[in-house]
Amino acid sequence: MIDDDRREERPADPPRGPYGPTLRVLAVATLVNTIGNGALMTTSALYFTHVVGLAPTQVGAALAVAAAVGLFCQVPLGHLGDVRGPREVLLWLTAAAGMATLGLLLARSFVGLVLVLAVEAFFDRGASAVRSGYIARVATGSRGVTFKAYLRSVTNVGISLGALLGGLALAVNQPWAYLAVFAVNGVTFLVSAAVLTRLPHLSPTPGRVQGESRLGVLRDGPFVVVCVLTGVYAMHFFVIELAVPLWIAGHTSAPTWLVAGTMLVNTIAVALFQVRLSRGSDTVPKAARRMALSGFWVFGGFALFALAAGLPPWLAGCLLLLGAATHTVGEMIGSGGQWGVQMGLAPQERQGQYQGLAGMSFSLASILAPPLVAFLCIDWGRPGWLVMGGLVLLAALANLPASAWALRTRTQYGVTTHTG
């Protein structure tokens with residue numbers, strides 16, 4: 001027992017015991033796939049604007065359509081994983097996403113790009129929902145949160161490595177280099193699908209009882225409220241991706257290379273400490289409290305970003321890096337809390353569709369957050385950062401009574417609850 005406890009204190013090691021092999025398979029598949037995703041994220045926008053000749057607004061519109069498709073497919077495909085067996089559905093969706101991604105090699109028009117991205121989003125976001133449902137079934141309680149935390153660490157490592165690969169294509173700056181990245185990304189999906197064949201099989205869940213809705217999660221009002229609040233809370237991710245670079249470059253005297261510095265702070269910290277800071281989210285009440293705590297950290301990080309405007313370069317740089325570190329602590333604590341709440345409230349036999357709705361809330365945030373973040377943090381300036389931070393904090397705090405309400409209703413949805 002002492003040795004097991006010591007191992008759990010090392011965030012770089014996957015959990016041992018009966019779940020260890022399963023997590024290692026998921027980790028390898030995730031690492032391979034996110035390397036390709038990171039390379040694609042780095043290069044795709046430039047290729048379709050500078051090489052194909054599409055307008056930036058057209059690329060943005062294609063991404064918005066893909067996000068909308070991803071928004072609505074996750075619950076039904078998560079449900080498909082429940083009733084057909086999550087392992088098998090996950091394999092096919094992952095492989096199909098890879099084949100769809102290879103379509104980027106042929107996309108030469110706005111319509112073509114929209115079609116490819118929409119089909120890829122359908123399969124990829126559906127695979128994400130099924131994977132989350134698989135994790136929630138194979139590893140319950142704190143073990144499920146540990147799985148998600150470890151895989152998030154691996155994701156950050158993979159995207160960072162992929163960004164380096166994409167950087168090589170940017171340095172070459174030839175059409176063939178960009179196309180090679182697209183091909184590599186498609187192949188990583190196929191390799192990931194092959195790796196996932198080593199996952200243990202999980203039996204399909206029992207069919208619906210008489211009178212039960214096909215997609216019962218949509219009728220689970222308390223869980224829907226929790227997911228809506230989680231979506232509002234998740235807007236802080238888009239503040240870091242969108243507002244921080246624009247804020248540093250246009251509203252502070254800090255050197256623009258600090259944009260990369262703040263991203264490195266986030267990426268490295270998550271890779272090293274996500275597992276450690278996700279602990280303590282093994283029950284819904286504990287997870288909700290952790291999520292509420294994270295809201296204060298996120299608000300503090302945003303306040304530090306706001307204070308950096310109008311200061312000397314060295315002081316602005318220090319505040320920006322400190323703000324990035326503060327926000328990242330909140331992000332890691334909140335991620336563990338979010339996973340603990342969402343998995344803990346879901347019936348085991350319906351984890352796919354429930355985690356699909358949880359993913360849907362994040363997809364909705366990805367559509368709504370960019371214009372709101374741009375208005376508050378960039379157009380409004382300092383006060384807007386505080387308003388944005390306050391909105392995230394209020395959503396995190398509101399999740400406490402919402403989760404408690406949802407927990408009280410679990411027996412009618414077939415969930416055995418336990419508090420802590």
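At 5% relative accessibility, Thr22 counts as buried. Buried here means under 20% relative accessible area, exposed means over 50%, and partly exposed lies in between (1.4 Å probe, protein chains only). Thr22 sits in helix H2. Helices are DSSP runs of H or I with at least four residues, strands are runs of E with at least two, and numbering starts from the N terminus. Beyond its neighbours within four places in sequence, Thr22 is in contact with Tyr134, Val138, Phe147, Leu199 and Pro200. Contact means heavy atoms within 4.5 Å.

The model is predicted: local features need pLDDT of at least 70, side-chain atom pairs count only at pLDDT 80 or more, and totals for chains, interfaces and linings use all residues. Residues are numbered from 1 along each chain as its sequence is written, and side-chain values use heavy atoms, with hydrogens and water left out.

**Aromatic pairs**

The whole structure holds 11 aromatic pairs. Rings of Phe, Tyr and Trp (its six-membered ring) pair if their centres lie within 6.5 Å; planes under 30 degrees apart count as stacked, over 60 as edge-to-face and the rest as tilted. The ring centres of Phe48 and Phe182 are 5.9 Å apart and their planes meet at 10 degrees, so this pair is stacked. The pair links distant parts of the chain. Phe48 belongs to helix H2 (residues 20-51) and Phe182 to helix H7 (residues 175-196), 134 residues apart. Phe48 is buried at 3% relative accessibility. Phe182 is buried too, with a relative accessible area of 0%.

Trp247 and Trp385 have ring centres 5.6 Å apart and planes at 65 degrees, so they form an edge-to-face pair. Trp247 lies in helix H9 (residues 235-251) and Trp385 in helix H14 (residues 382-408), so the pair ties together parts 138 residues apart in sequence. Trp247 is buried at 2% relative accessibility. Trp385 is buried with a relative accessible area of 0%.

Ring pairs also join Tyr47, Phe48, Tyr178 and Phe182 into a cluster.

**Nonpolar cores**

A nonpolar core is a set of buried Ala, Val, Leu, Ile, Met, Phe, Trp, Tyr and Cys residues joined through side-chain atoms within 4.5 Å. Which members of the largest core touch the most other members? They are Val239, Phe302, Phe305, Leu320, Trp385 and Met388, out of 37 residues. The elements giving two or more residues to this core are H9, helix H10 (258-277), helix H11 (284-307), H12, helix H13 (351-380) and H14. H9 gives the most, with nine residues. Leaving aside neighbours within four places in sequence, Met388 is in contact with Met235, Val239, Phe302, Val373, Leu376 and Cys377. Another core lies apart from it, with 31 residues, among them Val25, Ile135, Ala149 and Leu202.

**Helix packing**

Two packed helices are described by the angle between their axes and the distance between the axes. Helix H3 (residues 56-84) and H13 pack at about 175 degrees, with their axes 7 Å apart. Axes are lines fitted to C-alpha atoms, for helices over the stretch in contact, and angles run from 0 to 180 degrees between N-to-C directions. H3 is therefore roughly antiparallel to H13. Angles under 35 degrees count as roughly parallel, over 145 as roughly antiparallel, 65 to 115 as roughly perpendicular and the rest as oblique. On the H3 side, the residues making the contact include Ala67, Gly70, Gly78 and Asp82. On the H13 side, they include Gly352, Gly356, Gly359 and Ser363.

**Single residues**

Leu319 lies in helix H12 (residues 313-344). Leu319 and Phe223 are 96 residues apart in sequence and 38 Å apart in space, C-alpha to C-alpha.

The search for disulfides, pairs of cysteine sulfur atoms within 2.5 Å, finds zero in the whole structure. Cys227 is in no disulfide; the nearest cysteine sulfur, that of Cys73, is 15 Å away.

Asn173 is in the loop between helix H6 (142-172) and H7. Most residues other than glycine have a negative phi. Asn173 is not a glycine, yet has a positive phi of about 55 degrees.

| Residue | Relative accessibility | Class |
|---|---|---|
| Leu319 | 16% | buried |
| Cys227 | 2% | buried |
| Cys318 | 45% | partly exposed |
| Asn173 | 47% | partly exposed |
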